[in-house]
Amino acid sequence: MREFLEGSRAVAEAVRMCKPGVISAYPITPQTHIVEELASMAARGSLNAQCVNVESEHSAASVVLGASAAGVRSFTATSSQGLLLMAEVVFCIAGMRFPVVMTCANRAISAPINIWNDHQDAITVRDSGWIQIHAETIQEAMDMHILAYRIAESPKIMLPVMVNMDGFILTHGLETVDVPTDEQVEKFLPSYKPLYKLDVDNPISLGLLADPDYYMETRFAINETHKDVLKLIPMVNDEFSKVFGRTCGGLVEEYKTKDAEKVIVAMGSVCGTIKDVIDQMRAKGKKVGLLRIVSYRPFPIAAIYQALKDVPKVAVLEKAVSLGSYGPLLAEVRSVFCGKKKAPAISGFVIGLGGRDITVDSIKEVYKKLTTKEITEEYIDLKPELLEESI
Amino acid sequence: MSQEKMEHLFSSGHTACAGCGQSMAARLVIDAAGPNTIIANNTGCLEVFSTKYPETAWGVPWIHSLFENCGAVSSGIEAALKYLGTKDKINIICQAGDGGTADIGLQALSGMWERGHDILSICYDNEAYMNCLSISSLIMTKDGLKNILDIKVGDEVAAFDQKTYQLVYKKCSGVFDNGIQDVYELKTRHHSVKATANHPFLVLKRQGRGKQNIFVWKTLEQAAIGDEVVAMKNAAVEKTYEFAFQKVEKGDYKVNKINPMEIPSQTSPELMEYLGLYVGDGWTREDRGEVGFAIPDSTPERERLLELHTHLFGNHLRKDDMYVYIGSVNLARFIDSLKFNKGAKNKTIPDWIFTLPQEQREAFIEGLMLSDGYKFGNSWRFVSASCDLLKRLRLLAQITGFQAGKIHWQTVKAGRVCVKRKLLKDTGFGYVCMSKRAKPQIQKYASQYRWRNFLIDNEYYDTEKVTEINYVGKEPTLDLRVEDEHNFVADGIVVHNTGIQRSGLTPFDANTTTTPLGVKSAGNPRPKKPMPEIAVAHGIPYVATASAGYPLDLQKKVKKAISIKGPKYLQIHVPCPLGWRHDSKYTWDVAKLAVETGLYPMFEYENGKLANVRKLSVVKPVEEYLKVQGRFKHLLSNPELVKQIQAVADNNIQKYGLKAEQAVQAPAETIKETKG
């Protein structure tokens with residue numbers, strides 16, 4: 001059924017259909033309407049879940065950790081500073097292998113305080129062991145939550161999934177979406193059967209101390225599981241299309257890259273704008289394309305190599321920085337081609353930090369700047385006059 | 001006891017210390033709560049010693065994730081069980097130590113209480129934030145060498161004048177408790193001092209030929225092996241010490257004949273040599289009115305002792321092959337009043353000796369050498385079982401014209417033969433070597449000497465090269481603020497005061513006396529966080545305190561708590577033999593003493609009202625509790641502090657009405673002395 005929905009409400013609708021048993025979040029700005037909507041669903045009785053209104057993000061993550069340990073599907077949502085306050089627990093949830101699903105409304109990190117969109121929050125916890133997928137549209141953000149539970153709870157995986165959607169742009173934007181039916185979701189997502197849980201009939205201890213004899217293997221095991229996730233995502237995506245009649249991104253999305261001479265690599269909602277620019281430029285005969293990275297963790301190295309190996313010029317466009325080094329995405333895309341014979345010239349551009357508008361002109365400028373000479377870090381739409389002032 | 005097999009839900013084989021109060025209490029709790037219980041545990045001792053992968057001591061479902069979140073994790077479990085519809089059949093306990101409850105974990109706990117989850121939270125209170133005060137730095141003051149814990153605002157501490165390079169005494173204007181931090185040990189050939197990585201030391205900066213060398217501040221982190229730090233070699237205060245000793249007169253004591261012994265009113269070289277002998281080989285038994293020396297017959301030491309004794313006190317003694325006994329209440333009490341401490345492991349050199357005239361300090365060291373010393377020419381060695389004594393002797397020697405090397409300390413396992421007998425338990429002893437400093441011929445080899453020691457002709461200070469910097473571990477730290485010069489002498493080395501960096505920001509009034517080794521509610525000028533009251537203020541239905549010393553009461557409270565719906569809080573006092581430094585077999589007694597003195601009141605609040613208290617039919621003085629624990633050892637010598645702690649107990653007794661109708665004040669005779 002097609003409905004005109006706000007991003008947050010669409011996600012809440014999808015989460016409701018996944019039937020989580022425990023939902024917990026801390027409602028500070030920057031937060032979204034997702035949890036508010038779920039709470040009102042629970043109040044109305046259309047959602048049978050325990051909503052725990054906690055006193056901090058740290059506790060929100062801890063509550064879903066505890067609920068997941070007790071064998072119940074659980075959900076939380078956060079953003080920006082909230083994710084950073086959770087960070088300690090975020091690592092724990094992955095380390096303890098609990099299939100929690102969390103929405104991260106991607107926003108900038110203080111200081112200076114800024115509540116608008118970029119990807120710095122998710123990038124900051126990229127090494128925690130969570131699976132991180134990035135949505136381009138509200139439809140995709142909605143679908144990804146259903147997909148996320150399916151992947152997280154696969155007995156071979158048992159890892160948490162963070163569904164990233166751009167703050168404001170997707171969370172507060174409105175779009176016509178195709179809302180799946182409860183039957184479809186039920187068909188695609190079976191109820192959660194935990195492999196292990198806190199059970200008085202079969203007592204186990206969780207979260208033990210691992211000394212140097214044991215710790216390293218736990219990290220290795222998570223890393224190996226991420227390789228399995230790379231294989232699983234395309235399979236689950238195929239199944240998803242069979243049930244719902246549309247895909248859910250996969251690992252990467254290639255948009256007109258087959259014969260392209262210049263390709264932008266990007267994540268999230270900016271890809272919509274890029275696709276528009278590509279259509280305009282293609283109409284004028286320019287061979288440009290887009291490679292959208294959907295799964296940031298695990299990082300789809302092989303898929304990226306396949307997509308870009310014949311492209312002469314590549315621009316990595318990212319909404320996050322690793323201050324003191326290359327942009328994080330640039331570094332990783334370059335590393336894909338490190339030591340390979342066929343390597344494109346890969347340039348890096350930083351764009352839209354702290355919610356700065358990304359216009360069609362900004363994207364056109366990136367294509368224009370893309371020559372055979374590699375650019376390492378160029379900030380698009382920087383205001384030099386502000387820098388002079390501050391100096 | 002019945003012969004049937006005891007099944008516990010918290011099994012043995014975990015790695016807790018012997019006598020750990022927390023493990024005792026944890027077993028009592030879970031056995032009382034029963035198998036239908038899920039536990040969420042914060043990081044802490046209990047978690048580490050009970051669940052080291054791949055083993056677990058828990059017979060119930062158990063989860064740990066972080067230091068501070070078990071309040072929230074257990075909320076999640078409770079919500080999940082409610083969703084599954086099994087909550088009514090299953091108890092949930094969230095448990096933590098005192099840090100995980102009252103400090104870092106308080107927020108999650110408060111949230112859990114406020115939301116009204118049906119969970120019992122337990123705090124195993126071992127007062128660990130205050131326990132391991134091995135704050136060992138010794139500070140030179142105008143009144144002698146003091147432990148940093150005993151420094152008070154207004155004390156004049158030795159400082160280095162950075163313009164004239166002379167010794168000055170400056171008032172201490174603040175003492176700051178900086179909590180537990182990573183501590184490093186900086187060693188030179190003759191000194192060693194423990195400090196945090198950011199603590200600045202005064203380091204010589206050589207500017208090269210023809211230029212004036214200067215001193216700069218370097219943090220321990222920046223300091224390197226070979227850097228020259230400033231060390232003290234002379235304390236400059238030389239005053240004869242006047243004793244304020246009141247003689248016992250006839251009739252004040254249980255016997256009616258008192259030896260007519262003259263007690264000197266001030267120190268003299270002879271007396272100091274005598275006392276040196278006493279510290280090495282002597283004992284006092286005040287109850288018997290006896291002073292003794294373990295010095296065998298026909299040795300030069302025995303001869304010297306008799307000579308000194310006759311000269312100082314006349315001849316009131318008894319001798320046999322091994323010992324010399326002096327029967328005198330007054331002499332025993334006099335020596336006890338000088339604060340040398342009792343027992344070979346606890347003997348020490350009190351503060352006042354450090355400010356005596358040179359001659360008297362030398363005589364004291366001579367006396368020590370006579371007892372347990374060995375002289376090989378100019379190389380002297382003193383052996384002792386008291387680490388504190390060696391540390392202080394090393395510093396005393398430094399300011400009395402000696403060079404002293406490092407302290408060699410070793411521990412010998414029980415069973416090794418030592419002086420023809422097998423040792424009954426593990427024993428530690430050590431020695432320190434020293435030699436008289438030669439007078440340098442500065443005129444002749446001026447630049448050579450200055451190259452080795454820039455302050456060679458300085459009367460009070462030397463420069464010494466750093467030889468080692470090692471990480472020691474986490475230890476509690478204190479800091480001083482000193483007027484004008486902003487430095488002081490710690491363990492013989494000039495260090496910067498760091499209090500100055502904060503002085504402008506924080507009103508330190510509450511902080512201006514040293515926190516005297518506070519037991520939570522005792523002694524610390526900032527009282528312990530009143531967790532039970534904080535819990536009561538959340539409006540939760542049941543709050544209680546209990547003690548590992550009263551297992552039946554504890555289990556009764558656990559059972560009562562889980563029978564009540566809603567959030568419950570139970571705080572259990574659990575002794576920690578390692579941290580509190582008491583013998584592991586006394587865990588139970590220590591826990592009981594805390595209750596019996598009124599320092600740990602046991603009570604129950606039901607629906608916000610004080611419902612029950614454990615009445616005391618015998619109220620014991622707080623000294624009984626303090627004496628059995630090493631962490632309070634230094635405290636007992638200060639009656640003012642003991643009085644403050646007694647006041648805390650008295651306040652508890654009044655506040656909670658602890659005294660039973662026919663309560664009696666117990667006599668202080670049953671006290672066990674702490675060993676080691």
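Predicted model: local features only at pLDDT ≥ 70, side-chain atom pairs only at ≥ 80, totals over all residues.
A residue is called buried here if 20 or more other C-beta atoms lie within 10 Å of its own.

E11(A) runs parallel to strand E12 of chain A, residues 288-293, and five bridges join the two. Within that pairing, A:Val265 sits opposite A:Leu291 of E12(A).

Strand E3(B) covers residues 91-97, and seven of the seven are buried, so the rest of the structure largely encloses it. Here B:Asn91, B:Ile93, B:Gln95 and B:Gly97 point one way, while B:Ile92, B:Cys94 and B:Ala96 point the other way, all of them buried. What does E3(B) pair with? E1(B) is one partner, in the parallel sense over five bridges, and in that pairing B:Ala40 stands opposite B:Cys94. Strand E4 of chain B, residues 120-125, is also parallel to E3(B), again with five bridges. There, B:Gly97 faces B:Tyr124.

For chain B as a whole, there are 17 helices and 31 strands. Of its 676 residues, 45% count as buried. Take the contacts in chain B between residues at least 6 apart in sequence: 70% of them join residues at least 24 apart.

Back to chain A, and its open sheet. It has seven strands in the order E3-E2-E4-E5-E7-E6-E13, with mixed pairing. Which strands stand at the edges? Strand E3 (50-53) and strand E13 (295-297) do, each with a single partner strand, so one side of each has no neighbour in the sheet. From one strand to the next, the twist averages 20°. At the E3(A) end, strand E2(A), residues 22-25, pairs with E3(A) in the parallel sense over four bridges. A:Ser24 has A:Val52 in E3(A) as its bridge partner.

Now the helices of chain A. Two packed helices are described by the angle between their axes and the distance between the axes. I have two pairs, and helix H6(A) is in both.

H1(A) contributes A:Gly7, A:Ala10, A:Val11, A:Ala14, A:Val15 and A:Cys18 to the contact, and H6(A) contributes A:Ile138, A:Ala141, A:Met142, A:His145, A:Ile146 and A:Tyr149. By class that is ten nonpolar residues, two polar and no charged.

In the second pair, H6(A), residues 138-152, meets helix H8(A), residues 215-244. Their axes come within 10 Å and cross at roughly 130°. Why is this pair called oblique? Angles of 65 to 115 degrees count as roughly perpendicular and those over 145 as roughly antiparallel, and the crossing at roughly 130° is therefore oblique. This crossing is right-handed. From H6(A) the contact uses A:Asp143, A:Leu147, A:Arg150 and A:Ile151; from H8(A) it uses A:Val229, A:Leu232, A:Ile233, A:Val236, A:Phe240 and A:Phe244. The classes are eight nonpolar, no polar and two charged.

One residue of H8(A) deserves a remark: A:Asp238. Is it buried or exposed? A:Asp238 has 12 C-beta neighbours inside 10 Å, so it counts as exposed. Its C-alpha atom is 8.7 Å from that of A:Cys248, ten residues apart along the chain.

Last, the contact between the chains. Chain B supplies 37 residues and chain A 38. On the chain B side, the elements giving two or more residues are strand E1 (37-41), strand E2 (62-64), helix H3 (70-84) and helix H5 (106-115). H3(B) gives the most, with twelve residues. That side divides into 21 nonpolar, 13 polar and three charged residues. Strand pairing also crosses between the chains: strand E9 of chain A, residues 205-206, and E2(B) pair in the parallel sense over two bridges. In that pairing A:Ser205 stands opposite B:Trp62.

Terms used:
Residues numbered from 1 in each chain as written. Chains lettered and ligands numbered in written order. Axes fitted to C-alpha atoms, helices over the stretch in contact; angles between N-to-C directions. Parallel < 35°, antiparallel > 145°, perpendicular 65-115°, else oblique. Left-handed = near helix turned anticlockwise from the far one by under 90°. Contact = placed C-beta atoms within 7 Å. Nonpolar A, V, L, I, M, F, W, Y, C, P; charged D, E, K, R; others polar. Pairing = 2+ DSSP bridges.
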